[in-house]
Amino acid sequence: AMRPAAAADPEPVPKRPKRCPEARTLESQAFKDFIERLTNSTLDCDGGGKILRLKRFITSTAGPQVLNTVLEALKVNTKVEALYIQNFEEGFSDDQLVKLTEVLKLKRIWCLNVGENFRTTLTAWRTFAEELQHTAVSHMYASEHHFIGTDVKNQMKDAIRITRKANVIPHSLEVIMGCGNMWFNPKM
């Protein structure tokens, strides 16, 4: 008896490469334009380009690669003095806090709102608090949910108070007028 010919193994269907969930944002022309303007300090944002409220340019669901790209651009930006980088629950974790600290150590940003980023650990916040003295940050806000029962908030407030008294870098009038939602708001 003849055996039926075995069906040839079908050609394996090539798997689509896994797409980075952030690729749509990273590859969009609007995001590329934003990063280019941020990098070359020509971004049209509040305070004559000196106050960057990040959620006006990217969604609060932005992931870590998007935020890393923004933080890399801020390393070369020479205009932004105030940064609002709050409420990025998907994309802001310990790694982004480390990158933010690197940006702040360049001593160009003196006003910072880094609140409501809930994926950061107490360990990372402790390191940030220790490094804050090496920045020009004199006004800031960070969410206190991680700090309850610790000295981290007081450590941060002490560091920014010392920096504020030392007047490490001059504060632009536009930024003083346009900044709020800090533990201590800048005044004239």
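**A tour of salt bridges and a pocket**

Start by selecting glutamate 144 and lysine 153: their side chains meet in a salt bridge, 3.0 Å from N to O. The term salt bridge means a side-chain nitrogen of Lys or Arg within 4 Å of a carboxyl oxygen of Asp or Glu. Side chains of opposite charge can pair when their charged atoms come close.

This is a predicted model, where local features need pLDDT of at least 70, side-chain atom pairs count only at pLDDT 80 or more, and totals for chains, interfaces and linings use all residues. Residues are numbered from 1 along each chain as its sequence is written, and side-chain values use heavy atoms, with hydrogens and water left out.

Stay on the pair and show its surface. Glutamate 144 is partly exposed at 30% relative accessibility. Lysine 153 is partly exposed too, at 22%. Here buried means under 20% relative accessible area, exposed over 50%, and partly exposed in between (1.4 Å probe, protein chains only).

Now select Asp46, Arg53 and Arg56, which salt bridges with shared partners join into one network. Zoom in on arginine 56 and aspartate 46: their closest N and O atoms are 2.5 Å apart. This pair links distant parts of the chain, ten residues apart. Arginine 56 sits in the loop between β1 (51–53) and α4 (64–76), and aspartate 46 in helix α3 (residues 46–49). Helices (H or I, at least four residues) and strands (E, at least two) are DSSP runs, numbered from the N terminus. Arginine 56 is exposed, at 56% relative accessible area. Aspartate 46 is partly exposed, at 25%.

Next, go to helix α4 and pick glutamate 72 and lysine 75, three residues apart, about one turn of the helix. Their side chains form a salt bridge of 3.1 Å, N to O. Glutamate 72 is partly exposed at 41%, and lysine 75 at 26%. In total, the structure holds nine salt bridges.

Last stop: the largest pocket. Select Thr25, Ser28, Ala30, Phe31, Asp33, Phe34, Arg37, Phe57, Ile58, Thr59 and Ala62 to show its lining. On a 1 Å grid over the protein atoms alone, a pocket is an open set of points with protein on both sides within 12 Å along at least five of seven lines; lining residues have an atom within 4 Å of a point. The volume of the largest pocket is about 170 Å³, counted as the space filled by probe spheres set on the points. Which helix gives the most to the lining? Helix α2 (residues 29–39) does, with five residues.

Note on methods. On a 1 Å grid over the protein atoms alone, a cavity is a set of points where a 1.4 Å probe fits but cannot get out, and a pocket is an open set with protein on both sides within 12 Å along at least five of seven lines; lining residues have an atom within 4 Å of a point.
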